[in-house]
Amino acid sequence: MRLLGTQLVCVRGGRQVFAGLDFDVGAGEALVVTGRNGAGKSSLLRMIAGFVRTAGGLLELRHGDPELTLPEQAHYLGHQDALKPSLSVAENLDFWARYLGAEAPGRDGLEAVGLGAVAALPAAYLSAGQRRRLSIARLVAVQRPLWLLDEPTSALDRAAQETLAGLMRAHLAGGGLIVAAAHGPIGLADTKELRLEEAP
Amino acid sequence: MTALAALFVRDVRLAIRVGGGGGIGVLFFLIVVTLMPFAIGPDLALLGRIGPAILWLGALLASLLTLDRLLAMDQEDGSLDLMLTGRSPLELAVAAKALAHWLTTGLPLVIAAPLLGLFLNLDLGSSGAVALTLLAGTPALTFIGLIGAALSVTLRRGGLLLAVLVMPLTVPVLIFGVAASNAALVGPLPFGTPFTILCALTLISIVVGTFAAATALRHGME
Amino acid sequence: MPIIDLANPTRFLRFAERALPWLAGLTLLAFAAGLNLTLGAPDDYQQGATVKIMFIHVPSAWLGMGIWALMTIAALGTLVWRHPLADVAAKAAAPVGAAFTLLCLVTGSLWGRPMWGAYWVWDARLTSVLVLFLMYLGVMALWRTVDDPARAGRAAAILTLVGAINLPIIKFSVDWWNTLHQPASVLRLAGPSIHPSILIPLLAMTLAFVLLFLALHLAAMRNEILRRRVRSLMMMQAQTAPGSGS
């Protein structure tokens, strides 16, 4: 499986964010998108996830499931946690697991991020770090080949960062793809880097 | 189908839990209907004659004004983004959300209508007729309002803008809803004629509302 | 036990546990006595036995208004004296007050049905009570909308105080509105002078209703304190779980 971006152009609010962008991520590879604030890291991830339309260029996932679109094979982990405070931790995860496609949601996701003990509590009582962990549990609960992570380590303590790194390594080892936007290291040993410069 | 069922169940749960505001619509309906006689005067004969119109206007306002947050909340916490990566079509997803909203807001209005009919001096038969027309007509209001909810999400403006955008679209539903109720009350039209048209309007609104809302969301995402 | 000790929720819980059975028993006795006296009261020469609805209607109307007064004092307790139990008392009182007000409305409409020929006419008194009922529902909706009891408590306290100031104005306006539209045709529900054969059962029933309210209110306050404890326990559980630090 390969994610290919060729000559991508992104225009938001009338301003050209980037143009002529090429990248290539193979199975088991992680691409870290870096660049200063406003360089378009988040826009690129949102473009791959299908939330922002491309103003030019081509995005394709080769050898993926031919019946599914690119966004339908991707997990998007953004700045917002997409949690409902009045639902319990388990209900939140169950909903996303069912909605995003798993037939029978299990408790593995919660256990994997260390939230098994608070499964029955309303999500309103979680701290920012716990909310982030709960979002990450979604990636485990539903199998999708491409992970799009927008600054995944923000709000996470060291232990949680290591947990996430472990999950990412397992995902890559299983032939998955990761595209992450980050300012610093994300805890993976060898990654490709894509540096976004300001458009001329 | 499980994905849509999960979405439906989630929205129903959110509406009935603390902070969900599921009962607010009925409360609003009750207050609007109570306020009318203060403006019109406690003339029972007059109230009985315009009772169906008051109930319909109250239900219309209650249905539309509660729709404001339906999609906006999902947009603010990022849920709407994730829904786009789901495998069920966005049209069906917004339809499931609208259905859950109707069940928690529209259906209580229908149930409350006969009770409020007592305040307006409607007898049991007429109250039942109004409730029946509301049962057939409120889904149309919800699905028309869904278009406004989607537009106000993409424009990032809520509240009254939604009402302004959507209320002109609800005119036919209001006309035939009140016409059917009045036909049951005083005639001379048979009840079936306006009621059938009302049902047709609801079916059309479900289709048009669903597609228009999904299109608005797709094009408005940034 | 000095009353100030009850400010402590733990002591209050202990007090509630001890007092509730007694209150419940007293309520039952008072209702038995009150209903007995009511059955002995004479029928009205015009309305017949329907007049007996009054023995439920009037006490519930008084309680409906009295409970709002109690909530007003509790609101002052929340805002001015910052008493720890004040907003618990206010929150617990609202649904009970709404229930008594609804009882007053329902009995009023049943009582009026034979005279009016309709279940509801926009009679001035009944309409004022209806507005009171709507305000109770508003306060309850406010409590349900906000999860944090401290924030909801302050907001509800302000709404309650505003309501207390506005209720007389509403009552006056509704009277004026009604007489404007229906001069002198309004049926009066209770005569100006009450014969002792009616007054004594009425007072007995009022006592029973007040006891019922006290029992319900105490139980509701206990439940609310327990509910808040569960809430803080859950928050503590979330804080001690792994990954709570951010």
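Let me first state the conventions. The model is predicted, with local features needing pLDDT of at least 70, side-chain atom pairs counting only at pLDDT 80 or more, and totals for chains, interfaces and linings using all residues; side-chain values use heavy atoms, with hydrogens and water left out. Residues are numbered from 1 along each chain as its sequence is written, while chains are lettered from A and ligands numbered from 1 in the order in which they are written.

I begin with the interface of chain B and chain A. Chain B contributes 27 residues to the contact and chain A contributes 28 residues, where contact means heavy atoms within 4.5 Å. The two chains bury about 2700 Å² between them, 54% of it on carbon and sulfur atoms; buried area is the accessible area (1.4 Å probe) that two parts lose on being put together, summed over both. Between chain B and chain A there are 5 salt bridges, a salt bridge being a side-chain nitrogen of Lys or Arg within 4 Å of a carboxyl oxygen of Asp or Glu.

Polar contacts are counted as well. Across the interface of chain B and chain A, 9 residue pairs are in polar contact, both residues at pLDDT 80 or more. A polar contact is a pair of N or O atoms within 3.5 Å; within protein, one must be able to donate a hydrogen and the other to accept it, and residues adjacent in sequence count only if both atoms are side-chain atoms.

Which helices of chain B each supply at least two residues of the side that touches chain A? They are helix H1 (2-16), helix H4 (72-76) and helix H5 (79-84) of chain B; helices (H or I, at least four residues) and strands (E, at least two) are DSSP runs, numbered from the N terminus. H1(B) gives the most to this side, with 6 residues. The residues of the side of chain B that touches chain A comprise 11 nonpolar, 7 polar and 9 charged. Here Ala, Val, Leu, Ile, Met, Phe, Trp, Tyr, Cys and Pro count as nonpolar, Asp, Glu, Lys and Arg as charged, and the others, Gly among them, as polar.

I turn to the salt bridges in detail. Over all chains the count comes to 20 salt bridges. In one of them, the side chains of Asp74(B) and Lys84(A) meet at 2.8 Å, N to O. That pair crosses between chains, from helix H4 of chain B to the loop between strand S5 (74-77) and helix H2 (89-100) of chain A. Both Asp74(B) and Lys84(A) are buried, where buried means under 20% relative accessible area, exposed over 50%, and partly exposed in between (1.4 Å probe, protein chains only).

Asp74(B) also forms a salt bridge with Arg10(B), at 3.1 Å, N to O. Asp74(B) lies in helix H4 of chain B and Arg10(B) in helix H1 of chain B, so this pair ties together parts that are 64 residues apart in sequence. Asp74(B) counts as buried because its relative accessibility is 1%, and Arg10(B) is buried with a relative accessible area of 3%.

The side chains of Arg228(C) and Glu224(C) form a salt bridge at 2.8 Å, N to O. Both residues lie in helix H6 (residues 196-240) of chain C, 4 residues apart, about one turn of the helix. Arg228(C) counts as buried at 18% relative accessibility, and Glu224(C) counts as buried at 3%. Elsewhere, salt bridges that share partners join Lys84(A), Arg10(B), Asp11(B), Asp74(B), Asp77(B) and Lys97(B) into one network.

Next comes the interface of chain B and chain C. How many salt bridges are there between chain B and chain C? The count is 0. In this interface, 19 residues of chain B are in contact with 21 residues of chain C. About 1700 Å² is buried between the two chains, 78% of it on carbon and sulfur atoms. There are 3 residue pairs in polar contact across the interface of chain B and chain C, both residues at pLDDT 80 or more. Helix H2 (24-40), helix H3 (44-65) and helix H6 (90-119) of chain B give two or more residues each to the side of chain B that touches chain C, and H2(B) supplies the largest share, 8 residues. That side divides into 14 nonpolar, 4 polar and 1 charged.

Finally, the nonpolar cores. The largest has 164 residues, and those with the most contacts inside it are Leu3(A), Val179(A) and Phe29(B). A nonpolar core is a set of buried Ala, Val, Leu, Ile, Met, Phe, Trp, Tyr and Cys residues joined through side-chain atoms within 4.5 Å.
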